[in-house]
Amino acid sequence: MSAVRCDRADGARGWRPATEEALYGPSGFYRRPEGPAGHFRTSVHASPLFAGAVARLLCRVDEALAHPADLAFVDIGAGRGELVTGVLKALPAEVASRARGHAVERAARPPGLDHRIEWLPEPPPGVTGLLFANEWLDNVPLDVAEVDAEGTVRLVLVREDGTEALGEPPAGAEAEWLARWWPLTGTPGSPLPPPEAPNGPPPPEEPPEDVHASAAGLQGPAQAPHGPHGPHGQAAEGLRAEIGLPRDAAWAAAVASLGRGLAVAVDYAHFAGARPPFGTLTGFRDGRETAPVPDGSCDITAHVALDACALPGARLLSQREALGALGVSGERPSLALASTDPTAYVRALAGAGEAAELTARGGLGDFGWLLQPVGIPNPLAGGEQPST
Ligand SMILES: C[S@@+](CC[C@H](N)C(=O)[O-])C[C@H]1O[C@@H](n2cnc3c(N)ncnc32)[C@H](O)[C@@H]1O
């Protein structure tokens, strides 16, 4: 159990510092020996097909960079190094001979990791290659804002046992971020602006239970008492937003570390015009979704406003589109193969099942891929350009 320092006499503090300590403090959740895979399943754990597809993307980046002598694969939020290990293993020998894996992680280097993988607290500066962040940004701590009974937006404070109270209204850059990306600012006589058209892939449908992305049932009540607007046109009490400013900054810093190449952030995402009205903050423990309690006992996560993270030149795809473009398909093998080569048929069938999980509607396939080329053309066709 971590000792959550208090900002107020009643023991409450903002969600951002509370999460920071609960996840990354000396006895935080991500310091535990079992690692993230002990508590939830990401695309990396779901199938080696994911690492294979990322290896193919690295090959495309390599081509766009004209085959540099040093080709970097930087995995941000590397967990226990599972993705970087799988990517290096899946590369063709010639590319592998020039490739170097960099795992960027706040947790300690796991024993037995391939000695060729460098374990770092920060992204290496100025490298050339592919920087990849799978389910990293959702774990970058942020503050939460909520509309009170008078229609005023206030920061949500939390105690170590998870009970919440409302604090001051957000100010400065946080208030500006809310106004730009997730407005909750309706007051009597100035209702919320009408929703804009989403400028990214559609928001995820409810994923299956064992998928880390699931926030089913924990996005607050199904409906505010008066819908998204209060009885007099003000924002309804209880509406919430998660202030993604620290994620935007974290992503911008990661992209800035890349000399040339492609940066990719993959996460469960939402987009302007279709933000979840009560937010998505939730917890995960032992494979189950749980109440987010900032005591180090569970993961604390919130979906990512990926469009807000996007920098000029970015494109947004769904994981289904991205993996499809990288050759991952859930198509079943032909029955003819079963009679000519039963072993190959069974292998292909298992692969099709795993591909189906990675690309499933309502599950991992709905994740957003934010592609940010740096000094090269985008090596993956398709997707939409977010407004930045
Ligand atoms: C949800 S896990 C994802 C692990 C892995 N990428 C996967 O997809 O299986 C998020 C990881 O990001 C790490 N992390 C969070 N913030 C970080 C930071 N600022 N620098 C490096 N790692 C970070 C956590 O320690 C954790 O291992």
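Visitor: What does the polar side-chain atom of T42 lie 2.8 Å from?

Guide: An oxygen atom of the ligand. Keep in mind that this is a predicted model.

Visitor: OK. And which ligand atom is 3.4 Å from a polar backbone atom of R106?

Guide: That one is a nitrogen atom of the ligand. For N134, a polar side-chain atom sits 2.8 Å from an oxygen atom of the ligand.

Visitor: How much of the ligand does the protein bury?

Guide: The protein buries 94% of the 600 Å² that the ligand exposes when taken alone.

Visitor: And how many residues are around the ligand, and which come nearest?

Guide: There are 16 residues around the ligand, and the nearest are T42, G77, E105, N134 and N139.

Visitor: Switching to the helices: at what angle do the axes of helix 3 and helix 4 cross?

Guide: Roughly 60°, with the axes coming within 8 Å. Helix 3 covers residues 48-64 and helix 4 covers residues 82-90.

Visitor: Is that crossing left-handed or right-handed?

Guide: Right-handed, as helix 3 passes helix 4.

Visitor: Which residues meet there?

Guide: From helix 3 you have F50, A51, G52, V54, A55 and L58, and they meet L83, G86, V87 and A90 in helix 4.

Visitor: How do the residues of that contact divide into nonpolar, polar and charged?

Guide: The contact of helix 3 with helix 4 has 8 nonpolar residues, 2 polar and no charged.

Conventions: Residues numbered from 1 in each chain as written. Predicted model: local features only at pLDDT ≥ 70, side-chain atom pairs only at ≥ 80, totals over all residues. Heavy atoms only, no water. Axes fitted to C-alpha atoms, helices over the stretch in contact; angles between N-to-C directions. Helix = DSSP H or I, 4+ residues; strand = E, 2+ residues; numbered from the N terminus. Left-handed = near helix turned anticlockwise from the far one by under 90°. Contact = heavy atoms within 4.5 Å. Nonpolar A, V, L, I, M, F, W, Y, C, P; charged D, E, K, R; others polar. Near = heavy atom within 4 Å. Polar contact = N/O pair within 3.5 Å; in protein donor to acceptor, adjacent residues only side chain to side chain. Areas by Shrake-Rupley, 256 points an atom, 1.4 Å probe, with all protein chains shown as cover.
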